[in-house]
Amino acid sequence: SRIISGSRDKTIKVWNLETGREERALSGHTAEVNSVAVTPDGTRIISGSHDNTIKVWNLETRKEERTLPGHVGFVRSVAFSPDGNRIVSGSNDNTIKVWNLETGKEERALSGHIAFTFSVAVTPNGSRIVSGSEDKTVKVWDLENRLVLTLGYAAPILADVVLADGSGAPSLLR
C-alpha cells in the first residue's frame, strides 16, 4: 500500500505505508501542489497546483504523462471518476472542469460558484459531481452540465466533501 502526498515544495511524494519510507518524488509543478488523487486501478496520479495546472503522472514509470493547462486560477482540488476515465478539477477561477484522462481534452466546464472552488468529488456511481466553495455553498451537478442542488452554509466550504451512504461509514468522495 502507498500514500500519495502533495506539498508546498512543488513535489508529489509516494510513501510506503508499511515502512514509512519515501519510494519516490515526482517533480514538475512550478508552484505548490494543492491536491492529489489516484486512479481506481492505482496506475496514475493526478495533481493540482498553484501553477494553475493539473498534471497526470504514471505511478510505475515515475514520468509525467501530460499537463492540463485549462484553469486561469490555482487548481485547489482534483478527483477521478469511479471508472478512472475522467478527471474533475476545482479552481480559484470559480469553475469545475471535467477532462478526458486519455486525451487530456477538457470535456466541459461547470460555472455557478461565485468564489473559489475548494473541493470537488464524484459520486460513487459516477453520475454526479459535488463541489464546495468559498461562496458558502455545496453544489451538486449532473454530467449533463445541470446544477441539481445547492446547499447553503454560513461560512466558506474549505474541507473535502464526504458521502454518508447508509453503510455506517462515511466515504471521502474526493
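Mentor: Ile45 lies opposite Trp57 of β6. This is a predicted model, in which local features need pLDDT of at least 70 and side-chain atom pairs count only at pLDDT 80 or more, while totals for chains, interfaces and linings use all residues. Residues are numbered from 1 along each chain as its sequence is written, and side-chain values use heavy atoms, with hydrogens and water left out.

Strand β5, residues 44-49, pairs with β6 over five bridges, in the antiparallel sense. (Strands are DSSP runs of E, at least two residues, numbered from the N terminus; two of them pair if DSSP finds at least two bridges between them.) Both strands belong to an open, antiparallel sheet of four strands in the order β4-β5-β6-β7. At its edges are β4 (33-38) and β7, each of which pairs on one side only. Neighbouring strands in this sheet are turned against each other by 20° on average, direction ignored (axes are lines fitted to C-alpha atoms, and angles run from 0 to 180 degrees between N-to-C directions).

Between β6 and β7 (63-68) there is a loop that holds Arg62. Arg62 has a phi near 65°, a positive value in a residue other than glycine. Its relative accessibility is 46%, so Arg62 counts as partly exposed (buried means under 20% relative accessible area, exposed over 50%, partly exposed in between, with a 1.4 Å probe and protein chains only). A second case is Lys10, in the loop between β1 (2-6) and β2 (11-16). Lys10 has a phi near 80°, again positive in a residue other than glycine, and at 38% relative accessibility Lys10 is partly exposed.

In soluble globular proteins, nonpolar side chains tend to be buried together.

A further open sheet has four strands in the order β12-β13-β14-β15, with antiparallel pairing. Its edges are β12 (117-122) and β15 (147-152); each has a single partner strand, so one side of each lacks a neighbour in the sheet. The twist from one strand to the next averages 15°. Inside this sheet, five bridges connect β13 (residues 128-133) with β14 (residues 137-142), and Gly132 has Val138 in β14 as its bridge partner.

The structure has one aromatic pair. The ring centres of Phe116 and Phe118 are 6.2 Å apart and the planes meet at 65°, so the pair is edge-to-face (rings of Phe, Tyr and Trp, its six-membered ring, pair if their centres lie within 6.5 Å; planes under 30 degrees apart count as stacked, over 60 as edge-to-face, the rest as tilted). Phe116 is partly exposed at 29% relative accessibility, whereas Phe118 is buried at 18%.

Last comes confidence. The protein averages a pLDDT of 88, and 91% of the residues score at least 70 (pLDDT is the predictor's confidence in each residue, from 0 to 100). Over residues 166-174 pLDDT stays under 50. Where pLDDT is low, the predicted coordinates should not be read in detail.

Key: Contact means heavy atoms within 4.5 Å.
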